[in-house]
Amino acid sequence: MSRVGVYPGSFDPVTRGHEDLIRRSLRFVDRLVVGVAEHSGKQPLFTLEERVELLKTVVAGEPRVEVTAFRGLLVDFARRVGASVVIRGVRAVSDFEYEFQMAFMNRQLWDQLETVFLVPALELAFLSSSLVREVARLGGDVSDFVHPEVERALKAKFAK
Ligand code: PNS
């Protein structure tokens with residue numbers, strides 16, 4: 001029996017931190033479905049299609065990872081793709097409150113889905129998509145934080 005994991009998020013845009021968690025997840029799932037949320041309560045910089053395409057570029061060459069957009073509830077998406085675990089990254093104590101709330105709500109909605117929290121590599125623990133967007137918007141160098149294609153996409157976005 002193969003274990004399928006779902007790694008959901010906004011990925012606006014995907015960072016080296018997300019890439020690190022994808023790699024770590026592959027140590028205990030056979031297949032990982034990266035779910036790009038259409039609605040997460042935030043107004044994204046990148047369109048849904050752009051976020052999916054950037055993720056696909058970043059995970060190219062990893063046959064056990066699939067990238068797909070989803071709308072609606074995460075638990076419904078997880079059920080559709082046959083996932084038994086949802087993976088979320090936690091970087092700091094400040095992440096915990098929101099993550100705990102989500103994990104408990106998701107369990108309430110579907111108790112067959114387990115939430116697994118992963119800790120990123122220490123050197124990436126400060127990283128977030130929102131900080132990357134801000135640094136890029138103000139003309140800073142984000143090459144250490146994102147894949148070169150993502151860096152290019154950010155430059156193109158802010159050149160407009
Ligand atoms: O990267 P983010 O923005 O922290 O990801 C949040 C996300 C997309 C995982 C969360 O908003 C989500 O699961 N959205 C789908 C809708 C849903 O199921 N909401 C109830 C969650 S308890």
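Predicted model: local features only at pLDDT ≥ 70, side-chain atom pairs only at ≥ 80, totals over all residues.

Student: How many cavities of 30 Å³ or more does a search of the whole structure find?
Tutor: Rolling a probe the size of a water molecule over the atoms shows where empty space is left. A cavity is a space where the probe fits but cannot get out. With a cut-off of 30 Å³, the search of the whole structure gives 1 cavity.

Student: Which element gives the most residues to the lining of the largest cavity?
Tutor: The cavity has a volume of about 40 Å³. Its lining includes Leu-74, Glu-99, Met-102 and Phe-117. Two or more lining residues come from each of strand E4 (85-89), helix H4 (93-109) and strand E5 (114-118). The top contributor, with 4 residues, is H4.

Student: How many residues of that cavity lining are nonpolar?
Tutor: Val-86 and Ala-103 are among the lining residues, and so are Arg-88 and Asn-106. By class, 2 are charged, 2 are polar, and the nonpolar count is 5.

Student: What is the volume of the largest pocket?
Tutor: A pocket is an open set of points, unlike a cavity, where the probe cannot get out. The lining of the largest pocket has 40 residues, and Gly-9, Ser-10, Lys-42, Arg-88 and Tyr-98 lie nearest its centre. The space in this pocket is about 1,000 Å³.

Student: Which element gives the most to the lining of the largest pocket?
Tutor: Strand E1 (4-9), helix H1 (16-25), E4, H4 and helix H5 (129-137) each supply at least two lining residues. The lining has 16 nonpolar, 15 polar and 9 charged residues. With 7 residues, the element that gives the most is H4.

How values were computed:
Residues numbered from 1 in each chain as written. Heavy atoms only, no water. 1 Å grid on protein atoms, 1.4 Å probe; cavity = no way out; pocket = protein on both sides within 12 Å on 5 of 7 lines; lining within 4 Å. Points joined across faces, edges and corners; volume = space filled by probe spheres on them. Nonpolar A, V, L, I, M, F, W, Y, C, P; charged D, E, K, R; others polar.
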